[in-house]
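Please work through each task before reading its solution.

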Amino acid sequence: MKRILVVDDDMELCELLEAYFEREGFAFRHVHDGIAGIREALSGKYDVMVLDVMLPGCDGFEVLREVRNRTDLPVLLLTARTDHVDRIVGFELGADDYIPKPFHTRELAARIRAVLRRTERRNEDVPGALRGREEELFVVGDLECRPGARSVKVGGVPVALTGTEFRLLETLLVSAGRLVSLERLSRDVLGRRHSPFDRSLGVHMSRLRKKLGPYSDGTERIHTVRSEGYVYAFPGEDGCSGKVDAS
């Protein structure tokens, strides 16, 4: 039985969601302020958190920042705002998905199931050579990645990545030096088909770039091939044929 934590100050909505998700076979708990949300999220009891942005006192972004600094618990944001800036900020802080209010309960359930599938795929069905061995080690330049331990080091210094960022890096490293298409990254990492209007992949990639930093000579590790995908380049390489944009 999958366990859902909902953090939202709308008690009537929480009670409706509780009735629905318990009928769907989920264990469900709701709390109504940010401090309680952080405490529950860090307890290790839950498989996914649904987090409202607009909370009294400690808002959803503060909760997400604190949770993401200490756990890779999947987080789906609820927002009543239509401004895309809120969604981008959420992705930059490490959210896995979002859904705007008002929403259909079945759509929320579908998005939760998609996030859970991606999490399970990360643990059980990592593509290619990364599948299943604790001793597996990828080394590209000064970067070391141990998929079994979910650890990354750059120049010997540990780098903390969210679950989505780690899956992005894994997928790129499997094909280091070669183009990884937007469609493949969306499918394998985000669990959905690529849409030219979906900016979430680019936001996650930007965060990953920032955390890894450039090579010691100042060149970028991850190159953008416009409208096609990304390349994890080896040191001293420029990526792929003339279409590469390191932005």
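Helices (H or I, at least four residues) and strands (E, at least two) are DSSP runs, numbered from the N terminus. The model is predicted, so that local features need pLDDT of at least 70 and side-chain atom pairs count only at pLDDT 80 or more, whereas totals for chains, interfaces and linings use all residues. Residues are numbered from 1 along each chain as its sequence is written, and side-chain values use heavy atoms, with hydrogens and water left out.

**Exercise 1.** Describe how α4 and α8 pack, and state which residues make the contact.

Solution. Begin with the axes, which are lines fitted to C-alpha atoms, for helices over the stretch in contact, with angles running from 0 to 180 degrees between N-to-C directions. Helix α4 (residues 84–92) and helix α8 (residues 200–212) have axes 9 Å apart and meet at an angle of about 40°. The two helices are therefore oblique to each other, given that angles under 35 degrees count as roughly parallel, over 145 as roughly antiparallel, 65 to 115 as roughly perpendicular and the rest as oblique. Next, take the contact (heavy atoms within 4.5 Å): α4 contributes Ile88, Phe91 and Glu92, while α8 contributes Ser200, Val203, His204 and Arg207. By class, these residues are three nonpolar, two polar and two charged, where Ala, Val, Leu, Ile, Met, Phe, Trp, Tyr, Cys and Pro count as nonpolar, Asp, Glu, Lys and Arg as charged, and the others, Gly among them, as polar.

**Exercise 2.** Which elements each supply at least two residues of the lining of the largest pocket, and from which comes the largest share?

Solution. A pocket is, on a 1 Å grid over the protein atoms alone, an open set of points with protein on both sides within 12 Å along at least five of seven lines, and lining residues have an atom within 4 Å of a point. The lining of the largest pocket comprises 20 residues, and Leu182, Gly202, Thr224, Ser227 and Tyr230 lie nearest its centre. At least two residues are supplied by each of α8, β11 (222–225) and β12 (229–232), and the largest share, five residues, belongs to α8. Sorted by class, the lining has seven nonpolar, seven polar and six charged residues.

**Exercise 3.** Locate aspartate 47 and list what it touches.

Solution. Aspartate 47 sits in the loop between α2 (34–41) and β3 (48–52). Leaving out residues up to four places away in sequence, aspartate 47 touches Met1, Lys2, Arg3, Leu73, Pro74 and Leu116. The C-alpha atoms of aspartate 47 and valine 75 are 9.4 Å apart, although 28 residues separate them along the chain.

How values were computed:
On a 1 Å grid over the protein atoms alone, a cavity is a set of points where a 1.4 Å probe fits but cannot get out, and a pocket is an open set with protein on both sides within 12 Å along at least five of seven lines; lining residues have an atom within 4 Å of a point.
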